[in-house]
Amino acid sequence: MHTSESGRSRGGKGAGLGLALLSAFAFGGSGVAAKPLIEAGLDPLHVVWLRVTGAALVMLPLAVRHRALVRRRPGLLLGFGLLAVAGVQACYFGALSRIPVGVALLVEYLAPALVLGWVRFVQRRPVTRAAVLGVVLAAGGLACVVEVWSGLRFDALGLVLALGAACCQVGYFVLSDQGGDAGEAAPDPIGVIAYGLLVGAAVLTATARPWTMDWSVLTGDARMNGTPVAAGLLLAWIVLVATVLAYVTGVLSVRRLSPQVAGVVACLEAVVATVLAWVLLGEHLSAPQIAGGAVVLAGAFIAQSSAPVKGADGPVASGDGGAERESPARESST
């Protein structure tokens, strides 16, 4: 019995890691597809609105199927839509208007460290030293990937907005984990995503004012590193892959791993985005960026292989390098 349960746990963790990697790839590909549309004449906020609203329409039949969630978990659906969908997008793009992209991205991806703080001090669950080391390595590597030292300038509001994006991303990981250990009573992740996208689309409609958008851009071509690509095809990628697939695999990965592990693996999104920009947009990587990408990979691997499985009585690193078991009081508090 114990052996079979351990096997299932390892299998679930492996599947969760695969889903987290797929989610990072899908999210990371959004910028490569969005940049040609922006250069063709679309406002960045309009691209965000098209992305979220298109995904909401795709997921609408599933929202109808899971309509019971509106009565059972209205707070979860509202929070996911406001934080995990609208909040992350609006704060990040707001930050980009005031501070360099690299700085905004680095601040946003402080989220894994904030997730660890949430898990340790709010949920009072154990966090291993190796998991913390993984976060530190991933953050340091990310600084090299985005070359944060180039163009760094201080703008208080811009940094506040970037930190707001990081906090909203914490909400994404924490809310994705809600009910993951409740068995049959857990809220269906597909329903949560569907209603979250609907809420996010409603909020962004008021913010982006899509009626002012130049819709004719979507009927023509955009240029990707000099190659003409149908704008509609790029939009389809953003909606179906970079949003629908990204959110579905991301939420499912958190259910199988834990918020802190999935959060660190999500740092690979920056690596994916940089590599795709190199290959598809001709934005070449420097030596520090390549080295930083390797460090991010190492940090993500250390964190996912060392952090305790969600819901398990994992070890907490002790001062002498040994391990202590969680106390029964911690179990009763959750």
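Mentor: Let's start with a definition: accessible areas come from the Shrake-Rupley method with a 1.4 Å probe, and for residues only the protein chains shown count as cover. This is a predicted model, where local features need pLDDT of at least 70 and side-chain atom pairs count only at pLDDT 80 or more, while totals for chains, interfaces and linings use all residues. Numbering runs from 1 along each chain as its sequence is written, and side-chain values use heavy atoms, with hydrogens and water left out.

Trainee: OK, what share of the accessible surface of the chain belongs to carbon and sulfur atoms?

Mentor: The total to start from is about 15,100 Å² for the chain. Of that accessible surface, the carbon and sulfur part is 66%.

Trainee: And how many helices and strands does the chain have?

Mentor: Both are DSSP runs numbered from the N terminus: helices are H or I with at least four residues, strands are E with at least two. Counted that way, the chain has four strands, and its helices number 15.

Trainee: What percentage of the 334 residues count as buried?

Mentor: Buried means under 20% relative accessible area, exposed means over 50%, and partly exposed is in between (1.4 Å probe, protein chains only). With that cut-off, the buried share of the chain is 50%.

Trainee: Which residues of helix H2 are the buried ones?

Mentor: H2 covers residues 30–39. Just after H2, glycine 41 takes a positive phi of about 130 degrees. Back in the helix, the buried residues are Ser30, Val32, Ala33, Ala34, Pro36 and Leu37.

Trainee: Which residues are closest to the centre of the largest pocket?

Mentor: A pocket is an open set of points on a 1 Å grid over the protein atoms alone, where a 1.4 Å probe fits, with protein on both sides within 12 Å along at least five of seven lines; lining residues have an atom within 4 Å of a point. The volume, the space filled by probe spheres set on points joined across faces, edges and corners, is about 1,200 Å³ for the largest pocket. Of the 50 lining residues, the closest to the centre are Ser30, Gly31, Tyr92, Leu105 and Ala273.

Trainee: By class, how many residues in that lining are nonpolar?

Mentor: Ala, Val, Leu, Ile, Met, Phe, Trp, Tyr, Cys and Pro count as nonpolar, Asp, Glu, Lys and Arg as charged, and the others, Gly among them, as polar. The lining of the largest pocket has five charged and 13 polar residues, and the nonpolar count is 32.

Trainee: Which residues does methionine 224 contact, leaving aside its neighbours within four places in sequence?

Mentor: Methionine 224 lies in strand E1 and is buried, with a relative accessible area of 14%. Its C-alpha is 8.3 Å from that of alanine 33, 191 residues apart along the chain. Contact means heavy atoms within 4.5 Å, and the partners are Val32, Pro36, Val229, Leu234, Leu280 and Leu281.

Trainee: What about glycine 196: which residues is it in contact with, leaving aside neighbours within four places?

Mentor: Glycine 196 sits in helix H10 (residues 189–208) and is buried at a relative accessible area of 0%. Its contacts are Leu77, Phe80, Gly81 and Val85.

Trainee: How far apart in space are glycine 171 and phenylalanine 80, C-alpha to C-alpha?

Mentor: Glycine 171 is in helix H9 (residues 156–176), buried with a relative accessible area of 9%. Along the sequence, glycine 171 and phenylalanine 80 are 91 residues apart, but C-alpha to C-alpha the gap is 7.3 Å.

Trainee: Where is arginine 209 found?

Mentor: Arginine 209 has a positive phi of about 50 degrees although it is not a glycine. At 47% relative accessibility, arginine 209 counts as partly exposed. Its place is the loop between H10 and strand E1 (221–224).
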